[in-house]
Amino acid sequence: MAHEVHGVLFSNLHPVSGETYQEAARDEESFLRDVIAPIYQVLLREVKRNKGGKASHSGWRNYDDLNEYFWSDRCLKLGWPMNPKADFFIHSDAVQPANERVNQAAAGKRKPKTNFVEVRTFLHLYRSFNRMWIFFILAFQAMLIVAWSPSGSLAAFFDAAVFRSVLSIFITSAFLNLFQATLDIVLSWNAWKSLKFSQILRYLLKFAVAAAWAVILPIGYSSSVQNPTGLVKFFSSWAGDWRNHSFYDYAVALYLIPNILSALLFFLPPLRRHMERSNWRIITLVMWWAQPKLYIGRGMHEDMFSLLKYTLFWIMLLISKLAFSYYVEVNIP
């Protein structure tokens with residue numbers, strides 16, 4: 001439509017060629033016929049695909065998918081007047097019989113979902129709140145190790161053997177992160193045809209890194225165990241010349257670097273806001289890896305005092321919860 005606006009404002013001269021721009025004939029129903037009707041046909045066919053609400057959400061495009069199409073420059077491919085053969089439309093130029101049933105399945109090739117895919121599964125409880133689940137699972141594992149130690153007191157945490165066993169929580173964390181990366185791929189599979197290459201690359205790299213840590217950490221831990229047996233002995237045989245007590249410590253330190261950086265950015269909101277607005281490629285790469293581009297809370301940060309109160313509140317709450325869980329639910333006399 002920009003060409004038509006330019007023609008109206010600048011004596012019908014084409015902004016590129018300089019030729020006189022001939023505006024297409026318009027009548028009172030042109031907007032209804034050229035804009036509303038094609039989009040309505042898309043909505044109508046998607047309604048038919050949902051089989052009266054009984055079809056899976058991943059099998060048809062709903063409001064979010066159609067709306068997010070216009071969030072990017074892909075919508076410019078529609079052209080003006082809108083091309084009925086564009087990817088957004090599903091044979092919208094076909095004439096629908098007046099007596100066609102609403103819940104009758106629509107014909108034509110099914111278009112992919114956009115970004116989020118509404119798959120009905122309880123696994124979304126883990127995928128959406130994975131940080132909470134990982135924290136509680138790791139805390140429960142650490143409490144079990146300390147409670148089942150010879151002394152059974154919290155002071156056993158500082159014992160070298162018990163502390164070495166507690167460090168195994170990072171192996172659990174690696175497998176939980178791998179599970180999260182796998183869910184990201186599986187549950188968004190129906191949207192991959194509409195994702196950008198950078199989004200697909202991020203999914204694949206997240207999975208590859210998580211899989212690598214799920215292999216490195218168990219091998220490193222098994223190489224630090226004295227007189228290994230059973231499954232630990234099997235993994236330690238993979239370590240070969242890496243049989244060094246400090247290897248697992250270095251691996252854990254390297255594994256925690258992203259979390260340490262995230263914590264620093266959390267406690268330094270001005271730095272995080274500056275990084276999110278930066279155009280430096282290295283910073284853009286770091287932010288791309290840390291969070292998706294459509295992150296809703298981007299740039300919405302509280303002041304330092306409010307952040308400190310918020311952090312202290314959760315520290316006190318979690319200490320109280322973990323103390324109750326340890327003395328009442330885990331370490332029962």
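A: Gladly! Keep in mind throughout that this is a predicted model.

Q: Is Thr-311 buried or exposed?

A: The idea is to look at relative accessible area, where under 20% means buried. Thr-311 has a value of 12%, so this residue is buried.

Q: Which residues does Thr-311 touch, leaving out those up to four places away in sequence?

A: Thr-311 touches Phe-266 and Phe-267.

Q: Now a loop, please. Where does Ser-278 lie, and is Ser-278 buried or exposed?

A: Ser-278 is in the loop that links helix H11 (269–277) to H12. Its relative accessibility is 15%, so Ser-278 counts as buried. Beyond the neighbours within four places in sequence, Ser-278 contacts Ile-283 and Thr-284.

Q: How should I read a pair of helices? At what angle do H8 and H12 cross?

A: For a pair, check the distance and the angle between the axes. Those of H8 (residues 197–222) and H12 (residues 281–290) come within 10 Å and cross at roughly 70 degrees. Angles of 65 to 115 degrees count as roughly perpendicular, and therefore H8 and H12 are roughly perpendicular to each other.

Q: Which residues make the contact between H8 and H12?

A: H8 brings Ser-198, Leu-201, Arg-202, Leu-205, Lys-206 and Val-209, while H12 brings Trp-288, Trp-289 and Ala-290. By type, the residues of this contact are six nonpolar, one polar and two charged.

Q: What does the UniProt annotation "transmembrane region" cover?

A: An annotation comes from a record, so it may be inferred rather than shown by experiment. The unreviewed UniProt entry gives residues 132–149, 200–221, 247–268 and 307–328. In the model, residues 200–221 are 100% helix and 0% strand, with end C-alpha atoms 32 Å apart. Residues 247–268 are 95% helix and 0% strand, and their end C-alpha atoms are 32 Å apart.

Q: How many residues are in the largest nonpolar core?

A: That core has 27 residues, and those with the most contacts inside it are Phe-170, Trp-213, Leu-217, Tyr-248 and Tyr-255. Helices H5, H6, H7, H8, H10 and H13 each give two or more residues to this core, and H7 gives the most, with seven.

Q: Which contacts does Trp-213 make, leaving aside neighbours within four places in sequence?

A: Trp-213 is in contact with Ala-174, Pro-218, Ala-251, Leu-254 and Tyr-255.

Terms used:
Residues are numbered from 1 along each chain as its sequence is written. This is a predicted model: local features need pLDDT of at least 70, side-chain atom pairs count only at pLDDT 80 or more; totals for chains, interfaces and linings use all residues. Side-chain values use heavy atoms; hydrogens and water are left out. Axes are lines fitted to C-alpha atoms, for helices over the stretch in contact, and angles run from 0 to 180 degrees between N-to-C directions. Helices (H or I, at least four residues) and strands (E, at least two) are DSSP runs, numbered from the N terminus. Angles under 35 degrees count as roughly parallel, over 145 as roughly antiparallel, 65 to 115 as roughly perpendicular and the rest as oblique. Contact means heavy atoms within 4.5 Å. Ala, Val, Leu, Ile, Met, Phe, Trp, Tyr, Cys and Pro count as nonpolar, Asp, Glu, Lys and Arg as charged, and the others, Gly among them, as polar. Buried means under 20% relative accessible area, exposed over 50%, partly exposed in between (1.4 Å probe, protein chains only). A nonpolar core is a set of buried Ala, Val, Leu, Ile, Met, Phe, Trp, Tyr and Cys residues joined through side-chain atoms within 4.5 Å.
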